[in-house]
Amino acid sequence: MKAIGLVSSVPLLAFRARALSVIAEAVAVNGDVDWAVELTEEAEALLPDISAPISPASGTRGGAVDGPVGRAAQDKASRDEAAQATVTAGMTRQPKAAEGRATRSRGRGQAERAMVAVARAYAVCGDSRAEGVARGIDGRTRRVQALVTIGGAALDRGDTAQARALAEEAETRARTAEPAASTRTLVALAEAVEDPALAETLAGAIPQADVRARVVTDLVRRIAAHDPDKAVSLARSTLSGEARERALTAVAEALAAQGEADRAEHLALSLGRTAQLQALAAIATQLKDRATPQSKNRSAGLRDPSASSARKQSARTDAPTSTGTHTASSRTDTSTGTGAPVGTDTRTTRRLSTGVDGARALKRAKAVASRIPHADRRAQVWVRLIEAVAARESLKRARGLLHNVTSKDQQAQALLAMARVAADQGRFDLSGQLADEAEELALRVPAGARQTRLLMALVRVHLHLDRPGRARRLIDRIPTGQDRAAALADLAVANVRRGETSWALRLVAGIEATDQKARAYVALVRALAERGELDEALSVARRHVPTADHLARALTILVKAASDGDQEKPATQAESAPAASGRGRHHIATDAIALAEQRLGRVTNPDEQLPDFAELAVAIAGTRGQDAAAALADRIAGLAEAVEQPDRTAQILVTLTGAVDQERARGLMAKVLAGPAWTTGLRVLREIDPHAFDLVVEEMGGAQARRRA
């Protein structure tokens, strides 16, 4: 009776109908079939008002409600639906037409799921109306689901004849695939199988020409990595027009990556003018990358705007000035006598200076760049080549190539690239001079997207050089919005790495947009975790991260950081990062998991927020074991039932397979494969049950391919 009272407080009719159906099933199992039937009838009476689907009883749309609900309930239901539509529109802020379409789509999905629940309840009661409800469902997938459910109930009662008949009807309905469903099936199978020949067969059976061309192009790209000749043959035999040229561009790029510059260039020059431009630019970039393999130190430093702060902290003897800048007198590793910055891989440096293959690749890249017909695209490639020359040969030679770049914004990009290289070589004074030149040019670029990108890059370089004051002044020039918020986040992270967490929190608090502020707080959590300040990181996550999905991301970082505590760290990080404070890393992880379970109950947008919690569950399982993640994973799987987008539901369940044992993973995959977005789980199915995957490919893919032939 308490459950019945709670049902009346459920505001959305679809969920109320489903709740009544669940209670009816429980009552029937306990032996009171008459009351169970009454409850199911009450649930059925709600169906016509859930976005006005076809009523299984009357076959009409949105007519008067017969049965226990009555006119008063119909009026209240209409008000509930109107309120729901208003709330949904307010949250999504879409144009009115789009709001209407989205609301109707969600309403249809809710109605069909409610009808499945009602059909199941009638079936458990042994009431023949179950089949009528099931056949009144418009959607093929939900109707099949309802028929299978009813058949299972019939089998439980011992009525094998009815169970067999319903199973055959469900199978017939399932095999009658609409063209869109057929296309989705073949695309998913072609992308999931590992055998290129089978993938080609499946892709060739896709009925929609544009989709078929896209899938074949992706397949050509996959094959080109290990068999360029086969890739060229496939592209020329199955594709035409722009699709063929895009595919051949991908092959040319793959050839360049493998060092076959002659073949790559020959293939590129055989294409039309537009495709030729794209291909030559891609070839030049690949050759540049072959010429300049990046050291781990450099790639990490460029992603981390203030990574040099941690490297230099232990060597400093001077105090910060009012702007936070320091002298460069102790910025190199004097213990090695090389003058290289701390953390530089000297083996990589020698490889860059003596590798003959790299030198030839860079020379060829310059020749290819000169043949690019479009001036702006040619200049973009030259910017990357200038950076490569600076890293491989010398900054002086790189500067001599600036004449190939004429526009101010691209010259500024080239100077910034050289500044980064100089900083990674430990030449901080020269790096600062190059950054100053770049800034002067950037401020002369007309306001707009290009100037904003330059200013953001300058902010990162200034932070890399320990110039927070200069960075802050440039941030003030960036237009208010996402870009300025990202730049402020970079500055805040740099402050954390200098131990100025309170100032970093004040900076982030000034960001207005909630989503951007949440991303910035997650960045602070990451920076604190990297320093080993896990207690402070957990405090920031608990007190400041405003949205559930971003909190899940922050907790994922913390769980991984707590697990990494026993692993060996680079010397420079160990010097600058204090040990985890307070109660220890294990308790930090335990508290993070408890906080996740607490906040999971406050999820307001399951479609957008549950995927991040699923990733968190995977991280917990990977670091603390599947038992530690089990409770959270089970709750997430349960909440995924409320997600209205079938693709998103399947995505969440597929992700959770990485957090649970194999038996549970199979159960989650069974749910995915029984739903409308079953193709989402094919890659995981291939990993956990290859035999089942092969059967699916043969049954679904083979049938579709034969039908196409």
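Buried means under 20% relative accessible area, exposed over 50%, and partly exposed in between, with a 1.4 Å probe and protein chains only. I start from that because aspartate 376, at 25% relative accessibility, counts as partly exposed.

**Ground rules.** I am reading a predicted model, in which local features need pLDDT of at least 70, side-chain atom pairs count only at pLDDT 80 or more, and totals for chains, interfaces and linings use all residues. Residues are numbered from 1 along each chain as its sequence is written, and side-chain values use heavy atoms, with hydrogens and water left out.

**Overall.** I looked up the secondary structure and found 38 helices and 0 strands. Helices (H or I, at least four residues) and strands (E, at least two) are DSSP runs, numbered from the N terminus. The protein has 709 residues, and buried ones make up 49% of them. I then checked contacts, meaning heavy atoms within 4.5 Å. Of those with a separation of 6 or more, 63% are between residues 24 or more positions apart. The protein exposes about 33,400 Å², of which carbon and sulfur atoms supply 50%; the areas come from the Shrake-Rupley method with a 1.4 Å probe, and for residues only the protein chains shown count as cover.

**Cores.** A nonpolar core here is a set of buried Ala, Val, Leu, Ile, Met, Phe, Trp, Tyr and Cys residues joined through side-chain atoms within 4.5 Å. The largest has 172 residues, and Leu524, Leu555, Leu558, Ile636 and Leu656 touch the most other members. Helix α30 (residues 548–563) gives this core its largest share, 10 residues. I followed leucine 656: leaving aside neighbours within four places in sequence, its contacts are Ala614, Ala617, Ala633, Ile636, Ala637 and Leu668. A second, separate core of 33 residues includes Leu13, Val116, Tyr122 and Ala130.

**Salt bridges.** I count a salt bridge when a side-chain nitrogen of Lys or Arg is within 4 Å of a carboxyl oxygen of Asp or Glu. The structure holds 30 of them.

Aspartate 376 and arginine 450 meet in one at 3.6 Å, N to O. Aspartate 376 is in helix α20 (residues 375–392) and arginine 450 in helix α24 (residues 449–464), so the pair ties together parts that are 74 residues apart in sequence. Arginine 450 is partly exposed at 36% relative accessibility.

Aspartate 476 and arginine 472 form another, at 2.7 Å, N to O. Aspartate 476 is partly exposed at 47%, and arginine 472 is partly exposed at 30%.

**Helix α11.** Aspartate 218 and arginine 221 are both in helix α11 (residues 209–224), 3 residues apart, about one turn of the helix. Their side chains make a salt bridge of 3.2 Å, N to O. Both ends are partly exposed: aspartate 218 at 30% and arginine 221 at 44%. Buried residues of α11 include Val215, Val216, Leu219 and Ile223. I checked the helix length as well: at 1.5 Å times one less than the number of residues, the 16 residues of α11 should span 22 Å, and the end C-alpha atoms are 22 Å apart, which agrees.

**Asparagine 495.** I asked where asparagine 495 is placed, and found helix α26 (residues 482–497). Asparagine 495 is buried, at 0% relative accessibility. Its side chain and that of arginine 498 are joined by a polar contact of 2.3 Å. A polar contact is a pair of N or O atoms within 3.5 Å; within protein, one must be able to donate a hydrogen and the other to accept it, and residues adjacent in sequence count only if both atoms are side-chain atoms.
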